[in-house]
Amino acid sequence: MYIDGEFVESQGGGWLPVYEPATEEVLAEVPNAAAADVGAAVAAARRAFDTDGWADCTGRDRGRLLLKLADYLRGNLSSLAELEARNSGKPLVEAQGDITDAATCFEYYGGLATKILGTVNPVPDNAISLSIREPVGVAGQIIPWNYPLLMAAWKLAPALAAGCTCVLKPAEQTPLTVLELARGLREIGFPRGVINIVTGYGETGAALVAHPEVDKIAFTGSVPVGKLIAKEAANTLKRVTLELGGKSPNIFFADADFEAAIDGALFGIFINQAEVCSAGSRILVQRPIYARFIEAMAEKAKRIKVGNPLSADTKMGPVVSKEQFERIRSYQELGKREAKLLIGGGAVKGMQRGYYVEPTIFADVPSGSRIAREEIFGPVAAVLPFEDEADAIRIANDSPYGLAAAVWSRDIYRAFRMVKRLRVGVIWVNHMQPTYVEAPWGGYKQSGIGRELGPGGVDEYLETKQVYINLNEQPIGWY
């Protein structure tokens, strides 16, 4: 682990194995952090913030360090992408894109570090009222296994730009590229204690959430774990940002560009093995094109190459772990009882090793079925027909989630009507999944609390202090 500028072993927590999902073999071992390790990491972050001057470091200096971190990622893109692909199972080309996006995230917030502004408040008095923005303090950050290094960047970059110090816990399945990032921290001279990385199981994250010296928690992951974090954080009234699950509707009207729509439906669900919180796993298709649409989807899905993530022609690699493989397989079997199987429905045949799952599409899915309502987090698509705009809105909004949605139509007036009525935090029109650091990310309902990315991503790590300056030389005259 990386604590207070040094790579250290656990204080009694032992080691945990990290597997390569393509081979099912142990790729590495990392420390299983005990509560004492979390305490040491928090103490280092607290000292760096309170005593060593990170909070008082200028925005220019913080920004320059973030830009150096971006340069480190770009300079090591090839090796980092290969490690990410081997550890997570995602295709190499997607891993390369992730590392590039992580570098871009550090660059964006490196520039934004000098643009954190306060305000002058007009008050009815001979006085000046100021609002000053200050860093929250020590941020505990817990990230998922689907985009390991990119999610680390999403958390670290805005926190550091704001002037916070960080204790980051990567997912136990995919900690390796985040630890390589720590190697870069040493190379570029990041001050000790500003970034600390603790590895371990869920108990490690729980210790971080419960620690009284942590001022804020930022978490990306499942809704059940998010609820547990919110409850525990309430004990010390920590500020909390939660980016949670989704069951995103991908909505296709009859007037949509048909070929683009088929590609958008497949890309929306099967990118990154559908291990994506915003995966378009509910595919809503208007009845006039429904039969033709599902036939074309199934035919084109047959061409998706599932294989070794390091192969150039692979479109889908293995899912991240045996646990996730078994979870997806259970939903495939459930879907066979709830709907009509078009394609897939099992493990990839002919693979001797690895957690490979077939791209799976179910049609005629009842809107109340489990495969239409529960987040599977794997390559299982549920296709539902709808009649008109009102029907599409009813089906799309009938979900406890509200992360994202997509609308496909040549009618821009219809598209904007849908945009206004869909209860989600992110909407794409005639596309699905493009995500930019410049724009906010987060959901409605049980898909989370707060927003990441964009200028508002820094706001999540800032406090507001109001300052009143009396300009009246006369006594107050109270008595």
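Student: What does arginine 394 count as, going by relative accessibility?
Tutor: Partly exposed, at 47%. The cut-offs are under 20% relative accessible area for buried, over 50% for exposed, and partly exposed in between, with a 1.4 Å probe and protein chains only. This is a predicted model, so local features need pLDDT of at least 70 and side-chain atom pairs count only at pLDDT 80 or more, while totals for chains, interfaces and linings use all residues. Residues are numbered from 1 along each chain as its sequence is written, and side-chain values use heavy atoms, with hydrogens and water left out.

Student: Which residue does arginine 394 form a salt bridge with?
Tutor: Aspartate 391, with the closest N and O atoms 2.7 Å apart. A salt bridge here is a side-chain nitrogen of Lys or Arg within 4 Å of a carboxyl oxygen of Asp or Glu.

Student: Is aspartate 391 buried or exposed?
Tutor: Aspartate 391 is buried, with a relative accessible area of 14%.

Student: How many salt bridges does the structure hold?
Tutor: It holds 32. One of them pairs arginine 239 with glutamate 463, at 3.5 Å from N to O.

Student: How many residues apart are those two?
Tutor: 224, so that pair links distant parts of the chain: arginine 239 is in strand β11 (residues 239-243) and glutamate 463 is in strand β22. Arginine 239 is partly exposed at 27%, and glutamate 463 is partly exposed at 36%.

Student: What does lysine 305 pair with?
Tutor: Aspartate 313, where the closest N and O atoms are 3.2 Å apart. Lysine 305 is partly exposed at 35%, and aspartate 313 is partly exposed at 46%.

Student: Back to β22. What else is in that strand?
Tutor: Isoleucine 469, for one; the strand covers residues 462-470. At 35% relative accessibility, isoleucine 469 is partly exposed.

Student: New topic, helix α7. Which residues are buried there?
Tutor: Thr204, Gly205, Leu208 and Val209, in a helix running over residues 202-210. They line one face, because they fall within an arc of 135° seen down the axis of α7. The arc is that of the directions from the helix axis to the C-beta atoms.

Student: What covers them?
Tutor: The cover includes α1 (35-50), β7 (138-142), β8 (165-169), β10 (216-220) and α8 (223-234). Contact means heavy atoms within 4.5 Å.

Student: How many helices and strands are in the chain?
Tutor: 15 helices and 22 strands. Buried residues make up 56% of the 479. The C-alpha atoms fill a box of roughly 80 × 55 × 40 Å along the principal axes.

Methods: Helices (H or I, at least four residues) and strands (E, at least two) are DSSP runs, numbered from the N terminus.
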